[in-house]
2 protein chains.
Amino acid sequence: MERTDVNTLGEFGLIDHLTAGFENRQSTTVLGVGDDAAVIAGGDEQIVVSTDMLVEGIHFDFTYTPLKHLGYKSVIVNLSDICAMNARPQQITVSIALSNRFSVEALDEFYAGIKAACDQYGVDLVGGDTTSSNRGLIISVTAIGRAPAARITRRSGAKPGDLICITGSLGGAYLGLQLLEREKQVYLDNPDMQPDMGEYAPSLLARQLRPEARTDMVDTFAKEGIVPTSMIDISDGLASEIFHICKASGVGAVIEESGVPISNDAQLQALEFNLDPITCALSGGEDYELLFTIDPKDTEKIRFLPDIYIAGEIVAREDGVKLHTKGGNIHDIKAQGWNHFG
Amino acid sequence: MERTDVNTLGEFGLIDHLTAGFENRQSTTVLGVGDDAAVIAGGDEQIVVSTDMLVEGIHFDFTYTPLKHLGYKSVIVNLSDICAMNARPQQITVSIALSNRFSVEALDEFYAGIKAACDQYGVDLVGGDTTSSNRGLIISVTAIGRAPAARITRRSGAKPGDLICITGSLGGAYLGLQLLEREKQVYLDNPDMQPDMGEYAPSLLARQLRPEARTDMVDTFAKEGIVPTSMIDISDGLASEIFHICKASGVGAVIEESGVPISNDAQLQALEFNLDPITCALSGGEDYELLFTIDPKDTEKIRFLPDIYIAGEIVAREDGVKLHTKGGNIHDIKAQGWNHFG
């Protein structure tokens, strides 16, 4: 029998391959596989469902991830997907498989983080499953949200001329992870060494260990009467996400390096690591900010809103996906999602 | 720091412990943790959400589980939870974490099973997540269904005098598993031996490897104008499930051994294994039949329906949970869910 390694397809290619034969038959299925979340009919509002799985040793490392932070982040990554549909998260289910090295006290810490996220976002824990594993901890969270049908924002609505916008700032979570990995290595080399994270650490570690979901932006869009033409959350880095929008919308994009928001701490930490800050923003993941496009008629509505940055323009598909650097050069942007199978 | 082993609480005790501090705040949350599925508002109908996690080496063994059957069964166990709420399943999400020993061809087999279940039950695959694991395969499926509010059936509505009913037959899946485990042992002892499953194997292996969800019963209840007073699916064995209903409803129960449906093949296979058939029905899991209670006024509606068996009566809580044997004796029934942490 033929044996094709899953690496050959990549994560997104694999998903496309495995789900290719499926078709939707239920009249209540509004949107199936291929966006940040599925959409199903739900009365006055539509219901948005998203699910993510987190695996010890792949997505998190207990050397530097406190259990409470892990619980919090497990919820946030799913709420972020709901926000990316321009919907408000309302319920979650949490399933875990764990080996017997975890005590009840350890689980209490993890669930304290889940509860902190539920409290912070007003979300209800409504179900889940608890079972054992032979090794490590595996977490599967499903988030459910809702929004009026006319506000739901897919990846597929971007048009040439639309402005590309980014919330918050990028690259910080990636640089926080680099700091944690560096200090882990120092510790492994010499367990008597005290960690020295450096002066930019507080904000960068918070970005990595305690990210937030931009439900505030969903509220802002509603208040300002804006419906983005497309939206995605930035979990795998700006480069990967703009490619998803361009592919789903059948368009190209020009990102202005000068418009990509990067915090001072991230800029300075990147330089300390001899990394280019824009590379951290393009390829570093886990910021959980929103990348969205708006019709030019909404420019004045968006221009003075806090924490939203105009970072480029949608162009025709044949113009490709490009970065316009501060130095005036044009580079192709390469899609660089995390390949967990690599 | 204190360290309490998770075994000390048991699976259900652990879930109760971990979710104790959570409260529901969203007006759209109709029913949270503690039933077969959560219920959320959804317009004309309510939406029912259930999720299950399956772990290699805990819930399935690739020595005798074909990948296609595993895919099928992963869906069925979740559809069964939706049926247990008296709702119709309509959508699923499927998340998997897998080690690099799985090829694309192996995943194709697994997804062929997922698709066969979607085709059989008219359910849409609308989302999921695909990631890697350090070891083995972990599957997390979420099923979404819906039903009119007045038809949704919880575990908590049983009253003294209600009849206890069971669909299909019990014990077969457990005996199928025993056959597979026996032949695995024979094979491990001598790989040249050909498996000899015996004459009762076809029906019992089908029960174990290719269970079905009783969506037909949800349709039957609607057609006959019956709403059970309580319902649960039989995934962990009759004893465990009747305890869940009694605990949630604040009642006791008397099960009539003579009323518990057990197939001829299961009866004969049990005797060959020197097992008591009623023990297999009480403690064997994975039949995915429905256990439900009805108001005595519905007795005539239920009595002549195919594949539904009256197997006892709900009594006052202080009368406990008992088995009335064919020999006329009364025994306490002990709750015996699978303790995966044991």
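Analyst: Start with a charge over a ring: B:Arg210 lies over the face of B:Tyr72, 4.1 Å from the ring centre. This is a predicted model, where local features need pLDDT of at least 70, side-chain atom pairs count only at pLDDT 80 or more, and totals for chains, interfaces and linings use all residues. Residues are numbered from 1 along each chain as its sequence is written, chains are lettered from A and ligands numbered from 1 in the order in which they are written, and side-chain values use heavy atoms, with hydrogens and water left out.

User: Why is the link between A:Arg210 and A:Glu212 called a salt bridge?

Analyst: A salt bridge needs a side-chain nitrogen of Lys or Arg within 4 Å of a carboxyl oxygen of Asp or Glu. For A:Arg210 and A:Glu212 the N to O distance is 2.6 Å, so the pair qualifies. By this rule there are 48 salt bridges over all chains. Among them is B:Arg182 with B:Glu272, whose closest N and O atoms are 3.7 Å apart.

User: How do you know whether A:Arg210 is buried, partly exposed or exposed?

Analyst: Buried means under 20% relative accessible area, exposed means over 50%, and partly exposed is in between (1.4 Å probe, protein chains only). A:Arg210 has 37%, so it is partly exposed. A:Glu212, with 29%, is partly exposed too.

User: What class does A:Asp162 fall in, and why?

Analyst: A:Asp162 has 0% relative accessibility, so it counts as buried. A:Asp162 forms a salt bridge with A:Lys159, the closest N and O atoms being 3.1 Å apart. A:Lys159 is at 35% and therefore partly exposed.

User: What makes B:Phe110 and B:Tyr111 an aromatic pair, and of which kind?

Analyst: Rings of Phe, Tyr and Trp (its six-membered ring) pair if their centres lie within 6.5 Å; planes under 30 degrees apart are stacked, over 60 edge-to-face, the rest tilted. Over all chains that rule gives 10 aromatic pairs. In this pair, B:Phe110 and B:Tyr111 have centres 5.6 Å apart and planes at 75 degrees, so they are edge-to-face. Both B:Phe110 and B:Tyr111 are buried. With A:Phe22 they form one aromatic cluster.

User: How many residues of chain A are in contact with chain B?

Analyst: Contact means heavy atoms within 4.5 Å. By that test 82 residues of chain A touch 82 residues of chain B. A:Leu18, A:Phe22 and A:Met53 supply 10% of the area that chain A buries against chain B, more than any other three residues. Buried area is the accessible area (1.4 Å probe) that two parts lose on being put together, summed over both. For chain A and chain B this is about 6800 Å², 59% of it on carbon and sulfur atoms.

User: How many salt bridges cross the interface of chain A and chain B?

Analyst: The rule finds two. A:Arg25 and B:Asp119 meet in a salt bridge at 3.0 Å, N to O.

User: Where does chain A divide into domains?

Analyst: Domain 1 covers 41-149 and domain 2 covers 163-332; the bounds come from an automatic or database domain assignment. Between these domains of chain A the count is three salt bridges. A:Asp219 also pairs with A:Arg88 in a salt bridge, with closest N and O atoms 2.9 Å apart. The area buried between the two domains of chain A is about 2000 Å², with 59% from carbon and sulfur atoms. On the domain 1 side, A:Tyr64, A:Lys73 and A:Asn86 lose the most area to domain 2, together 32% of what that side buries.

Definitions and conventions. Lys NZ or Arg CZ within 6 Å of the ring centre and 35° of its normal.
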